[in-house]
Amino acid sequence: MKRPIIVTAVLSALGAAVGAIAAPLLSFLATTVAQASLPVGRVAYFFDPAEFAVAGAIGIPLLAWLLLRRVPLWG
C-alpha cells in the first residue's frame, strides 16, 4: 500500500520539475514564433515557472495513472 503513494509522490515531484524547466523554454519559443521584439533582459511572453510546476505536479501523476492503469506498481 505504501509503494503507490511513493510512486505518486515521485511522479508529482518530477512533473513539477519538468513544468518549471519547460516554462522558460516555452516563453522563448512563443517569443520566437510570434517574432516579438525582445526588450533587453526580458522575454515578451513570459510563462510563470511556478504555474507550470503546479500543472506538472498535478497533471503528470494523473496522466500516468490514467494511461498505466493495468501496470502493477507494487511488484
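Helices, counted here as DSSP runs of H or I with at least four residues, and strands, counted as E runs of at least two, are numbered from the N terminus. The exercises below concern a predicted model.

**Exercise 1. Work out what span helix 2 should have at 1.5 Å a residue, and check it against the distance between its end C-alpha atoms.**

Solution. The expected span of a helix is 1.5 Å times one less than its number of residues. Helix 2 has 19 residues, so at 1.5 Å a residue it should span 27 Å, and since its end C-alpha atoms are 26 Å apart, the two values agree.

**Exercise 2. Decide whether A53, A17, D48 and L63 are buried, partly exposed or exposed.**

Solution. The step needs a cut-off: buried means under 20% relative accessible area, exposed means over 50%, and partly exposed lies in between. A53, in helix 2, has 17% relative accessibility and therefore counts as buried. A17, in helix 1, has a relative accessible area of 35%, so A17 is partly exposed. D48 has 31%, and so D48 is partly exposed. L63 lies in helix 2, and because its relative accessibility is 49%, L63 counts as partly exposed.

**Exercise 3. Which residues of each helix are buried, and what does their cover include?**

Solution. In helix 1 the buried residues include G15, G19, A23, S27 and T31, while in helix 2 they are A53, G56, P61 and A64. The cover of the buried residues of helix 1 includes helix 2, and the cover of those of helix 2 includes helix 1. A53 shows this in detail, for when its neighbours within four places in sequence are left aside, A53 is in contact with G15, A16, G19 and A20. In the chain as a whole, buried residues make up 12% of the 75 residues.

**Exercise 4. What separates the C-alpha atoms of A53 and S12, of A17 and F52, and of D48 and S27?**

Solution. A53 and S12 are 41 residues apart along the chain, and their C-alpha atoms are separated by 9.3 Å. For A17 and F52, 35 residues apart, the separation is 9.0 Å, and for D48 and S27, 21 residues apart, it is 8.9 Å. Turning to contacts between residues at least 6 apart in sequence, 62% of them join residues at least 24 apart.

**Exercise 5. Which residues form the nonpolar patch on the surface?**

Solution. The patch is formed by L62, L63, L66, L67, L68 and V71, which together have about 600 Å² of accessible area. The accessible surface of the chain comes to about 5,800 Å², and 74% of it belongs to carbon and sulfur atoms.

Definitions and conventions. Residues numbered from 1 in each chain as written. Predicted model: local features only at pLDDT ≥ 70, side-chain atom pairs only at ≥ 80, totals over all residues. Heavy atoms only, no water. Buried < 20%, exposed > 50% of the residue type's maximum accessible area, 1.4 Å probe, protein only. Contact = heavy atoms within 4.5 Å. Patch = residues over 30% accessible without salt bridge, like charges linked within 9 Å, V, L, I, M, F, W, Y side chains within 5 Å. Areas by Shrake-Rupley, 256 points an atom, 1.4 Å probe, with all protein chains shown as cover. Salt bridge = Lys/Arg side-chain N within 4 Å of Asp/Glu carboxyl O.
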